Amino acid sequence: MSDHPEQPPASPLRGEDGTPTVGLASQTITLPPSVSMVSLLGPRDELLRTMERQFPRTEILVRGNEFRMTGPAGDLDIIDRLLGELIEIVGGGQPLNRDAVERSIAMLRGATTERPADVLTMNIVSSRGRTIRPKTLNQKRYVDAIDEHTVVFGIGPAGTGKTYLAMAKAVAALQAKQVNRIILTRPAVEAGERLGFLPGSLNDKIDPYLRPLYDALHDMIDPESIPRLMAAGTIEVAPLAYMRGRSLNDAFVILDEAQNTSPEQMKMFLTRLGFGSKMVVTGDVTQVDLPGGTESGLRVVRDILTDIEDIHFAELTSADVVRHRLVGEIVDAYGRWDASRPRGPRGGARHPRGPEKGDRS
(Lines give C-alpha, C1' and ligand atoms only; values in the text may rest on other atoms or scores of the structure.)
Protein backbone atom coordinates (compact mmCIF):
# COMPACT_ATOMS: atom_id res chain seq x y z
CA MET A 1 0.00 0.00 0.00
CA SER A 2 1.14 3.56 -0.58
CA ASP A 3 0.19 6.47 1.64
CA HIS A 4 0.63 10.19 1.10
CA PRO A 5 0.13 13.09 3.54
CA GLU A 6 -3.03 15.02 2.88
CA GLN A 7 -4.33 18.37 4.10
CA PRO A 8 -6.96 18.21 6.86
CA PRO A 9 -10.54 18.28 5.57
CA ALA A 10 -12.38 21.56 5.29
CA SER A 11 -14.72 20.51 8.12
CA PRO A 12 -12.50 19.18 10.90
CA LEU A 13 -13.76 16.36 13.12
CA ARG A 14 -15.20 17.56 16.38
CA GLY A 15 -15.19 16.08 19.85
CA GLU A 16 -18.24 15.30 21.98
CA ASP A 17 -18.30 18.91 23.24
CA GLY A 18 -18.49 20.25 19.68
CA THR A 19 -14.98 21.69 19.59
CA PRO A 20 -12.53 20.71 16.82
CA THR A 21 -10.39 17.72 17.71
CA VAL A 22 -6.67 18.50 17.71
CA GLY A 23 -3.73 16.22 17.00
CA LEU A 24 -5.27 14.52 13.99
CA ALA A 25 -3.28 12.97 11.17
CA SER A 26 -4.23 12.49 7.53
CA GLN A 27 -3.40 9.60 5.27
CA THR A 28 -4.30 8.32 1.81
CA ILE A 29 -4.06 4.61 1.06
CA THR A 30 -4.15 3.57 -2.58
CA LEU A 31 -5.21 -0.02 -3.15
CA PRO A 32 -3.99 -2.09 -6.11
CA PRO A 33 -6.31 -2.02 -9.14
CA SER A 34 -6.76 -5.78 -8.83
CA VAL A 35 -8.65 -5.38 -5.53
CA SER A 36 -12.43 -5.68 -5.86
CA MET A 37 -13.79 -2.70 -3.95
CA VAL A 38 -17.25 -4.28 -3.84
CA SER A 39 -15.82 -7.35 -2.07
CA LEU A 40 -13.84 -5.14 0.30
CA LEU A 41 -16.56 -2.62 1.17
CA GLY A 42 -19.57 -4.92 0.95
CA PRO A 43 -22.96 -4.34 -0.66
CA ARG A 44 -24.10 -0.73 -0.21
CA ASP A 45 -20.80 -0.05 1.59
CA GLU A 46 -21.94 -2.11 4.57
CA LEU A 47 -18.37 -2.99 5.60
CA LEU A 48 -17.22 0.60 5.22
CA ARG A 49 -20.00 1.60 7.63
CA THR A 50 -18.71 -1.10 10.01
CA MET A 51 -15.23 0.45 9.92
CA GLU A 52 -16.69 3.90 10.58
CA ARG A 53 -18.57 2.61 13.63
CA GLN A 54 -15.42 0.99 14.98
CA PHE A 55 -13.38 4.20 14.51
CA PRO A 56 -15.78 7.02 15.45
CA ARG A 57 -12.95 9.60 15.74
CA THR A 58 -11.74 8.94 12.20
CA GLU A 59 -13.27 10.23 8.99
CA ILE A 60 -12.99 7.75 6.12
CA LEU A 61 -13.67 8.78 2.52
CA VAL A 62 -13.41 6.32 -0.37
CA ARG A 63 -12.94 7.52 -3.94
CA GLY A 64 -12.30 4.82 -6.50
CA ASN A 65 -9.55 2.66 -5.02
CA GLU A 66 -8.32 5.35 -2.59
CA PHE A 67 -9.00 5.55 1.13
CA ARG A 68 -8.60 9.11 2.44
CA MET A 69 -8.62 9.24 6.22
CA THR A 70 -8.29 11.86 8.93
CA GLY A 71 -8.13 10.87 12.57
CA PRO A 72 -5.83 9.81 15.41
CA ALA A 73 -2.56 8.34 14.18
CA GLY A 74 -3.20 5.09 16.06
CA ASP A 75 -6.52 4.59 14.28
CA LEU A 76 -4.95 5.26 10.89
CA ASP A 77 -2.27 2.66 11.55
CA ILE A 78 -4.86 0.03 12.49
CA ILE A 79 -7.01 0.81 9.43
CA ASP A 80 -3.95 0.54 7.18
CA ARG A 81 -3.13 -2.88 8.60
CA LEU A 82 -6.81 -3.87 8.52
CA LEU A 83 -7.10 -3.20 4.80
CA GLY A 84 -4.07 -5.38 4.14
CA GLU A 85 -5.60 -8.23 6.16
CA LEU A 86 -9.00 -7.92 4.48
CA ILE A 87 -7.41 -7.90 1.02
CA GLU A 88 -5.57 -11.11 1.89
CA ILE A 89 -8.77 -12.74 3.18
CA VAL A 90 -10.67 -11.80 0.01
CA GLY A 91 -7.73 -12.95 -2.11
CA GLY A 92 -7.98 -16.35 -0.43
CA GLY A 93 -11.50 -16.74 -1.78
CA GLN A 94 -13.32 -16.08 1.50
CA PRO A 95 -16.17 -13.56 1.43
CA LEU A 96 -16.14 -10.79 4.02
CA ASN A 97 -18.96 -9.89 6.37
CA ARG A 98 -19.48 -7.54 9.28
CA ASP A 99 -18.47 -10.18 11.82
CA ALA A 100 -15.13 -10.83 10.08
CA VAL A 101 -14.32 -7.10 9.94
CA GLU A 102 -15.18 -6.53 13.59
CA ARG A 103 -13.18 -9.56 14.73
CA SER A 104 -10.21 -8.47 12.59
CA ILE A 105 -10.24 -5.03 14.19
CA ALA A 106 -10.42 -6.57 17.67
CA MET A 107 -7.37 -8.73 16.90
CA LEU A 108 -5.39 -5.79 15.54
CA ARG A 109 -6.19 -3.77 18.66
CA GLY A 110 -5.10 -6.60 20.93
CA ALA A 111 -1.60 -7.33 22.15
CA THR A 112 -0.92 -10.26 19.84
CA THR A 113 1.41 -11.04 16.96
CA GLU A 114 -1.10 -13.31 15.20
CA ARG A 115 -2.65 -11.87 12.08
CA PRO A 116 -6.41 -11.83 11.40
CA ALA A 117 -5.84 -13.28 7.90
CA ASP A 118 -4.03 -16.27 9.41
CA VAL A 119 -6.93 -16.86 11.82
CA LEU A 120 -9.84 -16.33 9.45
CA THR A 121 -8.41 -18.29 6.51
CA MET A 122 -7.38 -21.37 8.54
CA ASN A 123 -9.30 -24.35 7.10
CA ILE A 124 -10.07 -27.29 9.37
CA VAL A 125 -12.35 -29.42 7.23
CA SER A 126 -14.51 -28.92 4.12
CA SER A 127 -17.76 -30.68 3.29
CA ARG A 128 -20.19 -30.12 0.45
CA GLY A 129 -18.70 -26.75 -0.44
CA ARG A 130 -18.64 -25.49 3.14
CA THR A 131 -15.41 -24.92 5.05
CA ILE A 132 -15.21 -24.96 8.85
CA ARG A 133 -12.62 -22.58 10.28
CA PRO A 134 -11.97 -20.67 13.52
CA LYS A 135 -13.46 -17.19 13.72
CA THR A 136 -11.59 -15.74 16.70
CA LEU A 137 -8.02 -15.71 17.95
CA ASN A 138 -8.88 -17.87 20.97
CA GLN A 139 -10.59 -20.38 18.70
CA LYS A 140 -7.46 -20.62 16.55
CA ARG A 141 -5.32 -21.14 19.67
CA TYR A 142 -7.75 -23.83 20.80
CA VAL A 143 -7.50 -25.59 17.43
CA ASP A 144 -3.69 -25.30 17.48
CA ALA A 145 -3.64 -26.78 20.99
CA ILE A 146 -5.58 -29.81 19.75
CA ASP A 147 -2.84 -30.36 17.15
CA GLU A 148 -0.05 -29.96 19.71
CA HIS A 149 -1.36 -31.86 22.76
CA THR A 150 -2.79 -35.28 23.51
CA VAL A 151 -5.47 -34.09 25.96
CA VAL A 152 -7.13 -30.67 25.59
CA PHE A 153 -9.84 -29.11 27.73
CA GLY A 154 -11.98 -26.52 25.91
CA ILE A 155 -13.77 -24.48 28.58
CA GLY A 156 -16.12 -21.62 27.75
CA PRO A 157 -19.70 -20.38 27.50
CA ALA A 158 -22.37 -21.45 25.05
CA GLY A 159 -21.79 -20.57 21.43
CA THR A 160 -17.98 -20.38 21.48
CA GLY A 161 -17.60 -23.35 19.12
CA LYS A 162 -15.67 -25.51 21.57
CA THR A 163 -17.48 -28.75 20.66
CA TYR A 164 -18.05 -27.91 17.00
CA LEU A 165 -14.37 -27.15 16.34
CA ALA A 166 -13.27 -30.26 18.24
CA MET A 167 -15.55 -32.38 16.05
CA ALA A 168 -14.18 -30.70 12.93
CA LYS A 169 -10.65 -31.60 14.06
CA ALA A 170 -11.80 -35.17 14.70
CA VAL A 171 -13.23 -35.47 11.19
CA ALA A 172 -10.06 -33.96 9.71
CA ALA A 173 -7.92 -36.45 11.68
CA LEU A 174 -10.06 -39.34 10.44
CA GLN A 175 -9.84 -38.17 6.83
CA ALA A 176 -6.04 -37.82 7.15
CA LYS A 177 -5.89 -41.37 8.63
CA GLN A 178 -4.29 -40.05 11.82
CA VAL A 179 -6.89 -42.04 13.77
CA ASN A 180 -9.05 -45.03 12.91
CA ARG A 181 -12.25 -43.91 14.61
CA ILE A 182 -14.11 -41.05 16.27
CA ILE A 183 -15.84 -41.50 19.61
CA LEU A 184 -18.28 -38.81 20.77
CA THR A 185 -19.75 -39.01 24.25
CA ARG A 186 -21.84 -37.01 26.71
CA PRO A 187 -23.07 -37.58 30.25
CA ALA A 188 -26.82 -38.25 30.24
CA VAL A 189 -27.78 -35.51 32.69
CA GLU A 190 -31.04 -33.63 32.30
CA ALA A 191 -31.20 -29.83 32.05
CA GLY A 192 -34.47 -29.34 33.91
CA GLU A 193 -36.56 -31.70 31.79
CA ARG A 194 -37.55 -35.18 32.91
CA LEU A 195 -37.11 -37.60 30.02
CA GLY A 196 -37.11 -40.90 31.91
CA PHE A 197 -40.83 -41.49 31.40
CA LEU A 198 -40.72 -40.99 27.63
CA PRO A 199 -41.84 -44.06 25.68
CA GLY A 200 -39.40 -46.17 23.72
CA SER A 201 -36.26 -48.22 24.18
CA LEU A 202 -33.14 -47.18 26.10
CA ASN A 203 -31.62 -45.86 22.88
CA ASP A 204 -34.76 -43.82 22.19
CA LYS A 205 -34.49 -42.20 25.62
CA ILE A 206 -30.76 -41.51 25.31
CA ASP A 207 -31.04 -40.05 21.80
CA PRO A 208 -32.15 -36.54 22.94
CA TYR A 209 -28.91 -36.16 24.90
CA LEU A 210 -26.78 -37.08 21.88
CA ARG A 211 -28.78 -35.28 19.18
CA PRO A 212 -26.54 -32.14 19.14
CA LEU A 213 -23.55 -34.37 18.31
CA TYR A 214 -25.43 -35.99 15.42
CA ASP A 215 -26.44 -32.57 14.12
CA ALA A 216 -22.82 -31.38 14.06
CA LEU A 217 -21.72 -34.57 12.31
CA HIS A 218 -24.21 -33.92 9.52
CA ASP A 219 -22.53 -30.56 8.91
CA MET A 220 -19.13 -32.18 8.41
CA ILE A 221 -19.74 -35.57 6.78
CA ASP A 222 -21.97 -36.64 3.91
CA PRO A 223 -25.19 -37.62 5.75
CA GLU A 224 -25.61 -40.68 3.54
CA SER A 225 -22.27 -42.09 4.72
CA ILE A 226 -22.87 -41.58 8.47
CA PRO A 227 -24.99 -44.76 9.01
CA ARG A 228 -22.34 -46.83 7.21
CA LEU A 229 -19.52 -45.32 9.30
CA MET A 230 -21.47 -45.89 12.52
CA ALA A 231 -22.33 -49.45 11.59
CA ALA A 232 -18.64 -50.14 10.97
CA GLY A 233 -17.66 -48.58 14.31
CA THR A 234 -15.67 -45.82 12.61
CA ILE A 235 -17.90 -43.24 14.31
CA GLU A 236 -19.46 -43.96 17.68
CA VAL A 237 -21.84 -41.69 19.58
CA ALA A 238 -22.63 -42.99 23.07
CA PRO A 239 -23.42 -41.90 26.62
CA LEU A 240 -20.47 -41.54 28.97
CA ALA A 241 -21.53 -44.57 31.00
CA TYR A 242 -20.73 -46.76 27.96
CA MET A 243 -17.03 -45.80 28.22
CA ARG A 244 -16.39 -47.65 31.48
CA GLY A 245 -13.96 -50.56 31.22
CA ARG A 246 -12.74 -49.68 27.71
CA SER A 247 -9.30 -48.77 26.39
CA LEU A 248 -9.60 -46.39 23.43
CA ASN A 249 -6.67 -46.84 21.03
CA ASP A 250 -6.12 -44.97 17.70
CA ALA A 251 -9.20 -42.85 18.36
CA PHE A 252 -10.18 -39.20 18.51
CA VAL A 253 -12.37 -39.02 21.62
CA ILE A 254 -14.56 -36.04 22.54
CA LEU A 255 -16.35 -35.64 25.86
CA ASP A 256 -19.02 -32.95 25.55
CA GLU A 257 -20.94 -31.24 28.39
CA ALA A 258 -18.14 -32.26 30.75
CA GLN A 259 -19.40 -29.89 33.45
CA ASN A 260 -22.06 -32.53 34.12
CA THR A 261 -19.55 -35.20 35.11
CA SER A 262 -18.63 -35.97 38.68
CA PRO A 263 -14.91 -36.06 39.59
CA GLU A 264 -15.12 -39.86 39.53
CA GLN A 265 -16.66 -39.90 36.05
CA MET A 266 -14.02 -37.47 34.78
CA LYS A 267 -11.26 -39.73 36.10
CA MET A 268 -12.94 -42.75 34.52
CA PHE A 269 -13.12 -41.04 31.15
CA LEU A 270 -9.55 -39.69 31.12
CA THR A 271 -8.12 -43.09 32.03
CA ARG A 272 -9.72 -44.61 28.92
CA LEU A 273 -6.94 -42.94 26.86
CA GLY A 274 -5.13 -45.47 24.71
CA PHE A 275 -2.12 -45.49 22.40
CA GLY A 276 -2.34 -43.30 19.29
CA SER A 277 -5.40 -41.47 20.63
CA LYS A 278 -6.32 -37.87 21.30
CA MET A 279 -8.91 -36.55 23.75
CA VAL A 280 -10.82 -33.26 23.82
CA VAL A 281 -13.01 -32.41 26.81
CA THR A 282 -15.46 -29.53 26.40
CA GLY A 283 -17.81 -27.84 28.83
CA ASP A 284 -19.12 -24.69 30.48
CA VAL A 285 -18.58 -24.51 34.24
CA THR A 286 -21.40 -21.95 34.55
CA GLN A 287 -24.04 -24.44 33.33
CA VAL A 288 -23.84 -27.38 35.71
CA ASP A 289 -27.00 -29.52 35.71
CA LEU A 290 -25.87 -32.01 38.36
CA PRO A 291 -28.12 -32.65 41.38
CA GLY A 292 -27.60 -30.28 44.29
CA GLY A 293 -24.44 -30.99 46.28
CA THR A 294 -22.72 -32.95 43.48
CA GLU A 295 -19.36 -31.44 42.54
CA SER A 296 -18.52 -30.92 38.86
CA GLY A 297 -15.55 -32.89 37.62
CA LEU A 298 -14.75 -30.11 35.14
CA ARG A 299 -14.47 -27.54 37.93
CA VAL A 300 -11.83 -29.50 39.86
CA VAL A 301 -9.86 -31.17 37.05
CA ARG A 302 -7.59 -28.18 36.40
CA ASP A 303 -6.33 -28.21 39.99
CA ILE A 304 -5.61 -31.91 39.66
CA LEU A 305 -3.92 -31.99 36.23
CA THR A 306 -2.47 -28.50 35.84
CA ASP A 307 1.19 -29.60 36.08
CA ILE A 308 0.98 -32.64 33.79
CA GLU A 309 2.80 -32.29 30.47
CA ASP A 310 0.85 -32.71 27.22
CA ILE A 311 -2.44 -31.66 28.84
CA HIS A 312 -3.69 -28.21 27.82
CA PHE A 313 -6.53 -26.03 29.14
CA ALA A 314 -7.98 -23.66 26.52
CA GLU A 315 -10.19 -20.84 27.79
CA LEU A 316 -12.88 -19.33 25.57
CA THR A 317 -14.90 -16.28 26.61
CA SER A 318 -17.96 -14.31 25.58
CA ALA A 319 -15.73 -12.53 23.04
CA ASP A 320 -15.46 -15.88 21.21
CA VAL A 321 -19.21 -16.43 20.86
CA VAL A 322 -19.97 -16.96 17.18
CA ARG A 323 -23.75 -17.06 17.39
CA HIS A 324 -25.93 -13.96 17.31
CA ARG A 325 -24.10 -10.97 18.81
CA LEU A 326 -26.66 -10.87 21.65
CA VAL A 327 -25.48 -14.28 22.90
CA GLY A 328 -22.16 -12.79 24.02
CA GLU A 329 -23.95 -9.96 25.81
CA ILE A 330 -26.33 -12.44 27.47
CA VAL A 331 -23.36 -14.52 28.67
CA ASP A 332 -21.71 -11.42 30.15
CA ALA A 333 -24.96 -10.29 31.83
CA TYR A 334 -25.48 -13.68 33.47
CA GLY A 335 -21.82 -13.68 34.56
CA ARG A 336 -22.26 -10.33 36.32
CA TRP A 337 -25.53 -11.48 37.90
CA ASP A 338 -24.00 -14.74 39.13
CA ALA A 339 -20.93 -12.97 40.52
CA SER A 340 -23.16 -10.70 42.62
CA ARG A 341 -24.91 -13.60 44.37
CA PRO A 342 -23.85 -15.16 47.70
CA ARG A 343 -21.57 -18.16 47.24
CA GLY A 344 -22.42 -21.66 48.41
CA PRO A 345 -20.07 -23.93 50.35
CA ARG A 346 -18.66 -25.44 47.14
CA GLY A 347 -17.87 -22.08 45.58
CA GLY A 348 -20.99 -21.91 43.41
CA ALA A 349 -23.81 -19.41 43.64
CA ARG A 350 -26.38 -20.29 46.29
CA HIS A 351 -29.77 -21.04 44.70
CA PRO A 352 -32.90 -20.80 46.84
CA ARG A 353 -34.72 -23.61 44.98
CA GLY A 354 -31.89 -25.93 43.97
CA PRO A 355 -29.41 -25.60 41.12
CA GLU A 356 -30.25 -23.41 38.16
CA LYS A 357 -30.76 -25.19 34.88
CA GLY A 358 -28.89 -23.69 31.96
CA ASP A 359 -29.05 -23.71 28.19
CA ARG A 360 -27.61 -26.94 26.82
CA SER A 361 -25.34 -25.67 24.06
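This note goes through a predicted model in numbered points, from the whole chain down to single residues.

1. **Ground rules.** The model is predicted, so local features need pLDDT of at least 70 and side-chain atom pairs count only at pLDDT 80 or more, while totals for chains, interfaces and linings use all residues. Residues are numbered from 1 along each chain as its sequence is written, and side-chain values use heavy atoms, with hydrogens and water left out.

2. **The chain overall.** The protein chain holds 12 helices and 12 strands. Both are DSSP runs, numbered from the N terminus: helices are H or I with at least four residues, strands are E with at least two. Of the 361 residues, 45% are buried. Buried means under 20% relative accessible area, exposed means over 50%, and partly exposed is in between (1.4 Å probe, protein chains only). The chain exposes about 18,700 Å², and carbon and sulfur atoms supply 51% of that area. Areas come from the Shrake-Rupley method with a 1.4 Å probe; for residues, only the protein chains shown count as cover.

3. **Contacts along the sequence.** A contact means heavy atoms within 4.5 Å. Take the contacts between residues at least 6 apart in sequence: 69% of them join residues at least 24 apart.

4. **The second largest pocket.** This pocket holds about 680 Å³ of space. On a 1 Å grid over the protein atoms alone, a pocket is an open set of points where a 1.4 Å probe fits, with protein on both sides within 12 Å along at least five of seven lines; lining residues have an atom within 4 Å of a point. Grid points are joined across faces, edges and corners, and the volume is the space filled by probe spheres set on the points.

5. **Its lining.** The lining has 26 residues, and D99, E102, R103, A319 and V321 lie nearest the centre. Helix 4 (98-109), helix 6 (137-148) and helix 12 (325-339) each supply at least two lining residues. Helix 4 gives the most, with 6. By type, the lining divides into 7 nonpolar, 9 polar and 10 charged residues. Here Ala, Val, Leu, Ile, Met, Phe, Trp, Tyr, Cys and Pro count as nonpolar, Asp, Glu, Lys and Arg as charged, and the others, Gly among them, as polar.

6. R103 and D99 are joined by a salt bridge, 2.9 Å from N to O. The term means a side-chain nitrogen of Lys or Arg within 4 Å of a carboxyl oxygen of Asp or Glu. The two residues are 4 apart in helix 4, so about one helical turn separates them. R103 is buried at 13% relative accessibility, whereas D99 is partly exposed at 30%. Both are among the residues nearest the centre of the second largest pocket.

7. T50 sits in helix 2 (residues 46-54). T50 is buried, at 0% relative accessible area. Leaving out residues up to four places away in sequence, T50 touches R98, V101 and E102.

8. **Other salt bridges.** The whole structure has 14 salt bridges. D147 pairs with K169, with the closest N and O atoms 2.7 Å apart. This pair links distant parts of the chain, from helix 6 to helix 7 (residues 162-175), 22 residues apart. D147 is partly exposed at 45%; K169 is buried at 13%. R302 and E315 meet at 3.0 Å, N to O. That pair connects helix 11 (residues 297-305) with strand 12 (residues 311-315), 13 residues apart. E85, E88 and R115 form a salt-bridge network.

9. **Helix 10.** In helix 10 (residues 263-270), M266, M268, F269 and L270 are buried. Their cover includes strand 7 (151-155), strand 8 (181-186), strand 10 (251-255), strand 11 (278-283) and helix 11.

10. **Positive phi.** Most residues other than glycine have a negative phi. K177 is not a glycine, yet its phi is positive, about 60 degrees. K177 lies in the loop between helix 7 and strand 8 and is exposed at 72%. D250 also has a positive phi, near 50 degrees. D250 is in the loop between strand 9 (235-239) and strand 10 and is partly exposed at 34%.
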